[in-house]
Amino acid sequence: MTWRERLALLLGAASPFAVSGAATAEPPNLRMQDSDGATAPTLRRLDFWGDPAHAGHLLQLAGHRSHSSHSSHSSHVSGAGHSSHYSGSSVTTPAPLYSPPAPYVAPRPAKPATPTPLYSPPVRSAAPRPAAPTTRAPALQPFSSSSSVNSFVAPRPAEPSRLNQDDITKFVQRVQIALMVKGYDPGPADGDLKPQTREALRAFQAATGLNASGNMDMPTLHALGVLK
Amino acid sequence: MGVDRIEVLKVLGPEEACITHLPPQDVLILEDSQAGPVLYRGGERPLSFSDAKDPRIIRPGDVVRLRPNSSLVSVLYRRGASANTLFATERCNSLCLMCSQPPRDDDDSWRIDEMLRLISLIDPDEPQLGITGGEPTLLGPGLARVLEACRLYLPDTRLQILTNGRTFADPDLAERLVPIDRDGTTWAVPLYGDVAALHDEVVAVDGAFAETLDGLFELGRLGAQIEIRVVLHKLTIPRLPQIASFIYRNLPFVRHVALMGLEPMGFAKSNRERLWIDPVDYLDELDSAVSHLANRGMPVSIYNLPLCVLPRPLWPFARQSISDWKNVYPQECEGCVVRDHCAGFFASAGPTWRSRAIHPIAIEEFAA
Amino acid sequence: MAGGGGGSLRRTTDLLDGRAVVSNDLGAFAVLDASEQRQLSMGDSFLPTSRRQDLEARRLLVDGAQSRLDQAIYRTRKSFLLDGPALHIFVVTLRCDHSCHYCQVSRASLEARGFDMSPGDAEAALDRVFESPSPTVTIEFQGGEPALRFDLVRQVVESAVRRNAEMGKHLRFSMVSTLHHLDDEALAFCALHGVHLSTSIDGPEARHNAQRPNPTRDAWSRTIEGLGRARAVLGDDGVVALPTITRAALDDPVGLVDQYRQLGFRSIFLRPVSPYGFARKTRRVHGYDMADFVRFYEAALAYILELNAAGVDFTEVYSSVLLRHIFTPFHSGYVDLRSPAGAGLGALVYNYDGKVYPSDEGRMAAETGDQRFALGSVHDPLDFLMASPAMTWLRTGAVAEELPGCSTCAFVPFCGADPVYHAAVQGDPRGERDTSEFCAKHMGLFRILFRHIADGDRETLRTFTAWAMGKPRAEIRWSGFVER
């Protein structure tokens, strides 16, 4: 007897879950079958929703299919310790059903926006690259010559030996401002790469899935949007 | 212009034209000459640019539509633009008070064929493509063909489809469309209230709220990726926190919530009296709603609002969401140190649509 | 109403201060003050517009047909059912060197024979574990003192991990222990496999030693010493503790909380003394009315809220369970508070003697002679256990929404049924609400929480939100809207 059938037998109408239908069956274990496009995937219909706080996957822009095809976001996540004596770290700390994928890193220096609130959150989903909100793009697209299309071409960074101290200070200042916009606290934006600024860099990098070095490396600068 | 019927063609520089997989009849080569840039098909005479249009408007990678007896070159797709969109139809089954693309009831099913053509010419490494209208699902099976073409030609391109969700109340439609590229497609659905009266008033259709919720259920049930959009204006602001709560409690399967500053286009202009509220006057409601969702692990963003108007704690939620081709930074922005991170303004936003709180942010504000 | 699609049946319960909670099966709620209740009784158009819209949005105005979304939310609230048994308790031995006055377990002495689980039974119990449909399972070791048979703990953990390689479940391990008998090797094993430890600390040393005597009369100091060693290996949060609240503790809620803070704990789980096992006999000394406990709880919670407002992250765990149920459509995972009840359906206890019980309380009742709760043997397949007469009997009291008293209570979507408690104490799984201490406790606690919610103090709501979402307080934006 399947578990649903057992519930129906024992609880009757007190179980709100239908017994039948291959379409509603959820695979009982976590072995993810990779749903490749080669064969038509079986249509899975969900009975109930999961906790968005556990979704943990990034809204991916492109590239590989995320395993969110079996996302815990849609299937149940049964919260925490299942305990009666309250053991475990916290009853409400969920045990994720899977490990989140490596965060997607945009191949271009586009503007991946991360919804990080002011207080450093755990690694969470990044917002999608925003498309035109209520845009209906008309057929005519009047591009002005000052179009910022070139923002997508990675600029060649100035060679370090040619930067004077003033340039460096100004650049660090821009980095500090960018961190503030993203919700991190690098301390006063004085152009000084001080420990607090490095900490803020590390926190930003960790939240965005970058290498948390505290250094102003290229991926970090792209993600901060300071290279124009 | 040198064409005898409507043509949709790919513009490429000469080097790329040599190595492209596209057949020559699909390609317009854009080349520099002493007389300036010229467009021509391989082996043919250059198309004349004699009329006023600035040829610099065309770039390699563009997909353009040329009409006979017209010098108008429509750029349907631009490589590298922040937002490329397929325009599915002008027809709509709603009549939102702030609609930026007022609907027309003509039969424009010719757009399906044009979209299919366009899809075959878009760069396969295009990260994201929008589909909008009108109401795209009114195309019925036509939309399925478009989505299938996207999956075929642009398998790595994320799709974002704007829809009011009402037609998805029919589970058959959802089952037809959602699985085509379930994980690569986001359905962006507007919600304007937590009670029928408010949502239906904004959408100007009785019963729309109930239909939209049924549609959201059908989409969610199939595991579709859904974004809820709330346009911020006088009718949605009063219950904005409650709308956020409604979304979390009833639509927790939604992946993202976008709270959007009002675009002064289309119907919004004539409805200004009913709609316009200075963003600086709704910051409490905005913060309350954003924080409610953020606290509960629901991704949330603020679109179309400049940083100077938003309080600092909300800056991490602000996105640079305005398509580059209509994105401006007016005079007031001169010298602002966060300009590079700011959404800026709609080009269409005149003085009556600008917050009184706009001001350039000086470096001194970060000095402490 | 419990039903295939769930209902928006509206229920109202008084908060005893002029306000009332109105809720429905979807778990939507509103706290109405006296004038709102009056207006609503006259007709919803008498309410101020925005309040009427609140109630309409939450489906609290009428008992109506449920939309497809409503039915999905109801199923979401009950989705724990599909996991089946997720908590699996292994009672590896009944022997213990303590003789705690209120012991629910009826432990056996250290030298006693025949009170240990056999390795064969332990493996068979693992068969049951892997028959469970739940993708996440928690294996919890209890006793007696499970550390006395750490060899069995080791066997079960290693075997589970090995067998899970093919099953792909997410395994969690925990152990309830006095910490006296966990040597460094055992702690290292716990660290390796992520075994969380839980221990009892009853308050100041004197009270702890008085209530929890061990042969050397130094229970407190050895527990504290064990705590230190465990934390060194498992981290500061590797061990949690909870007190058993006896009458002696009722007078000083603040002292108890401070004691826990002093010991470096960041949470406490306030539970009243249980009626099972020896506790019944010592009830005269240690027992009290549930009303006394509720008063104590209110004071303890108030103090904990003050601490949080002052920036101290300290959680009361039972409130966090209740608040998760109130503030979200998702269950907390706490199997002892749900409807349909977790007994058997959500948790299974594999006793040292090879018998399977639906809950800890079930096997405790068995130790004092009440055998009605046994589901079968560890060698019986899960389906057989679920079809046992005991399960059928308990089911009559397993669904709160069906029970008199619960079916009309506004707290029912957030609460639970406890057929084992009611059968053991009142004789029938359905129980009687008027004299049920389970009910008195929960009504008391829900009233306290809903009053706080309605009072709307920003700091309190921020703390409540943090607890409901399982996040540190610092990550909760204070300006977030909270419905009431």
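Reader: Which residue just after α5(B) takes a positive phi?

Author: In this predicted model, that residue is B:Ala204, with a positive phi of about 60°.

Reader: Which residues of α5(B) are buried?

Author: Helix α5 of chain B spans residues 196-203, and its buried residues are B:Leu198, B:His199, B:Asp200, B:Val202 and B:Val203.

Reader: What covers the buried residues of α5(B)?

Author: The cover includes β10 (185-190) and α6 (208-221) of chain B, and α2 (49-57) of chain C also takes part.

Reader: What does C:Leu197 touch?

Author: Leaving aside residues up to four places away in sequence, C:Leu197 touches several residues, including C:Met175, C:Leu179, C:Ala230 and C:Val240.

Reader: How do α12(C) and α18(C) pack, in angle and in distance between axes?

Author: Helix α18 of chain C covers residues 437-455; α12(C) packs with α18(C) at an angle of about 30°, and their axes are 9 Å apart. Angles under 35 degrees count as roughly parallel, so α12(C) is roughly parallel to α18(C). The crossing in which α12(C) passes α18(C) is right-handed.

Reader: Which residues make the contact of α12(C) with α18(C)?

Author: From α12(C) they include C:Phe293, C:Tyr297 and C:Leu301, and from α18(C) they include C:Ala440, C:Leu445 and C:Ile448. By kind, the residues of this contact divide into 10 nonpolar, 2 polar and 4 charged.

Reader: Is B:Asn295 buried or exposed?

Author: The general idea is to compare the relative accessible area with a cut-off: buried means under 20%. B:Asn295 has a relative accessible area of 2%, so this residue is buried. B:Asn295 is found in helix α10 of chain B, residues 283-295.

Reader: Which residues does B:Asn295 touch?

Author: Not counting residues up to four places away in sequence, B:Asn295 touches C:Thr465, C:Met469, C:Lys471, C:Glu475, C:Ile476, C:Arg477 and C:Gly480.

Reader: How many residues apart in sequence are B:Asn295 and B:Leu275, and what is their distance in space?

Author: B:Asn295 and B:Leu275 are 20 residues apart in sequence, and 29 Å separates them in space, C-alpha to C-alpha.

Conventions. Residues numbered from 1 in each chain as written. Chains lettered and ligands numbered in written order. Predicted model: local features only at pLDDT ≥ 70, side-chain atom pairs only at ≥ 80, totals over all residues. Heavy atoms only, no water. Contact = heavy atoms within 4.5 Å. Axes fitted to C-alpha atoms, helices over the stretch in contact; angles between N-to-C directions. Helix = DSSP H or I, 4+ residues; strand = E, 2+ residues; numbered from the N terminus. Parallel < 35°, antiparallel > 145°, perpendicular 65-115°, else oblique. Left-handed = near helix turned anticlockwise from the far one by under 90°. Nonpolar A, V, L, I, M, F, W, Y, C, P; charged D, E, K, R; others polar. Buried < 20%, exposed > 50% of the residue type's maximum accessible area, 1.4 Å probe, protein only.
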